[in-house]
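Please work through the exercises below with the sequence and the model at hand. Each task is followed by a solution in steps.

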Amino acid sequence: MNKGPTDSAANENNLLRDFEDSLKTITGKADGEKAIAARKTLISLGRHFDGASIQPAAEKLAAVLPTITDYTSRYTTLTLLGDIGRKNAVSAKTVSEGLAAYIATEKDGGLVYMTGQKLAAIASAYPDTAVMAATAVAGALDKEKDDYARRSLSFSMASIGHTSAAARDIAIEALGAELTREKDVVARCLTSGTLSDFGVLSETAAAKTLKIYAKALDHELSPQVMNHITQNMAVVAKAQPATQPAAVDMLISVINDKDGKIKQPEKIFAASHALRLLGDLSPAPVAKAVADALAQNKLPETQRRVYILTLDALAKSDRAAAQTAHAALLQTLPQEPSALNRRHSINGIMAAVKNGMDGKATAAQLFRHLDNERDRETRDLVSRHLMTLGHPLPKVKPLIPQPKNG
């Protein structure tokens, strides 16, 4: 026999009455056994909230949550709110508002991160709540001191950020602050990767993410994190080619180290590797930027070597890049004080020749370089390349022994 409208309404009223009785018990000063029984009843009732009962239940639970002093009862109420918030759009908004207010005042790290998880789950189901959720979790992340809770909040922030463009902007800003504030190396690596997941989605997000990476690199001391950040810069710029020039400029700024901030060569090497990755996508523009950087005066030896080796690699990958590298390396060769760097330059010049540059003209320039080259190993290298190019070697004046007197 089907129940009529009157029976249905009566059931709803009975459900809400029992629900309110349980709430009064767990929010009051009931002894342990009564509180436990009330929590069990509340959980059982929570499975039946739907239709007309769900919105009043959501409103009542959200209202009482901040007033509950018992930890387990707060957890129970929080769990019920999370379940109710995913049932329809109206209750989702009510619950999200309640949880957003609650997370700002809760002191327990465990309940804070669990609230973040509930907000993220509701935002995934109802993206209209995402901005509210993102703002609330970002605020909690900013003030949370517990490492585990902060890590969980970061994951919730990442989840919420993928629900809408507006929420993504909030997530990028919050995680960007976390990247520079977080003390754990692994956590910084994870945050850097999460930011790259956002950065690849749009040109605007990529531009914001790259600026965050550049700022983080200024103070980063861990080689592991340096590598993660610079490689993520390359990932983002590759996904959004319009941002590649900015990424290249940022990496070159790191390599140049104009302010002398870099105490570890690992940062220079990490940036140069990322620059090389960007060169895989657009060899010619990257080669031009590197050649311009190499032409600057008073760069330290390590930085000059990085640029020379980068040009060598790019000369092998693209004809236009080979042309740029060829000209830049021929220009730097006679003024380079490091013999090792000169040898790297010569190898880069020859790589460009193999990729189409004029071998005869190159041989003539290398031949002239021998007049001033004093390093034996470098002279031998030039001589071998001259033979490869079919250019005659310098004439060696025979040493005629002089007779000894008397």
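The exercises that follow treat aromatic and charged contacts, a pocket and several individual residues.

The model is predicted, so local features need pLDDT of at least 70 and side-chain atom pairs count only at pLDDT 80 or more, while totals for chains, interfaces and linings use all residues. Residues are numbered from 1 along each chain as its sequence is written, and side-chain values use heavy atoms, with hydrogens and water left out.

**Exercise 1. A charge over a ring**

Task: Determine over which ring the charged end of Arg 151 sits.

Solution. 
Step 1. The criterion requires NZ of Lys or CZ of Arg within 6 Å of the ring centre and within 35 degrees of the ring normal.
Step 2. The ring is that of Phe 155, and the charged end of Arg 151 is 5.2 Å from its centre.

**Exercise 2. Salt bridges**

Task: State how many salt bridges there are, then describe the partners of Arg 343.

Solution. 
Step 1. Side chains of opposite charge can pair when their charged atoms come close. Here a salt bridge is a side-chain nitrogen of Lys or Arg within 4 Å of a carboxyl oxygen of Asp or Glu. This rule gives 19 salt bridges.
Step 2. Arg 343 bridges to Asp 375, with the closest N and O atoms 2.9 Å apart. Arg 343 lies in helix α18 (residues 339-354), and Asp 375 in the loop between α19 (359-369) and α20 (376-388), 32 residues apart, so that the pair links distant parts of the chain.
Step 3. A salt bridge also joins Arg 343 to Glu 377, at 3.7 Å from N to O. Glu 377 is in helix α20, 34 residues from Arg 343.
Step 4. Arg 343 is buried at 16% relative accessibility; Asp 375 is partly exposed at 23%.

Task: Contrast the accessibility of the two partners in the salt bridge between Lys 316 and Asp 312.

Solution. 
Step 1. The N to O distance in this bridge is 3.7 Å.
Step 2. Lys 316 is exposed, at 57%, while Asp 312 is buried, at 11%.

Task: Which residues are linked with Arg 150 in a network of salt bridges?

Solution. 
Step 1. The network comprises Asp 142, Asp 147, Arg 150, Glu 178, Arg 181 and Glu 182.

**Exercise 3. The second largest pocket**

Task: Describe the volume and lining of the second largest pocket.

Solution. 
Step 1. On a 1 Å grid over the protein atoms alone, a pocket is an open set of points where a 1.4 Å probe fits, with protein on both sides within 12 Å along at least five of seven lines; lining residues have an atom within 4 Å of a point. Grid points are joined across faces, edges and corners, and the volume is the space filled by probe spheres set on the points.
Step 2. The second largest pocket has a volume of about 250 Å³.
Step 3. Its lining has 17 residues, and Leu 294, Ala 295, Gln 296, Thr 332 and Gln 335 lie nearest the centre.
Step 4. The elements giving two or more residues to this lining are α15 (283-294) and α17 (319-332); α17 gives the most, with five residues.

**Exercise 4. Residues in helix α11**

Task: Compare the burial of Leu 210 with that of Lys 208.

Solution. 
Step 1. Leu 210 lies in helix α11 (residues 203-219), and Lys 208 is also in helix α11.
Step 2. Leu 210 is buried, at 1%, while Lys 208 is partly exposed, at 34%.

Notes: Buried means under 20% relative accessible area, exposed over 50%, partly exposed in between (1.4 Å probe, protein chains only). Helices (H or I, at least four residues) and strands (E, at least two) are DSSP runs, numbered from the N terminus.
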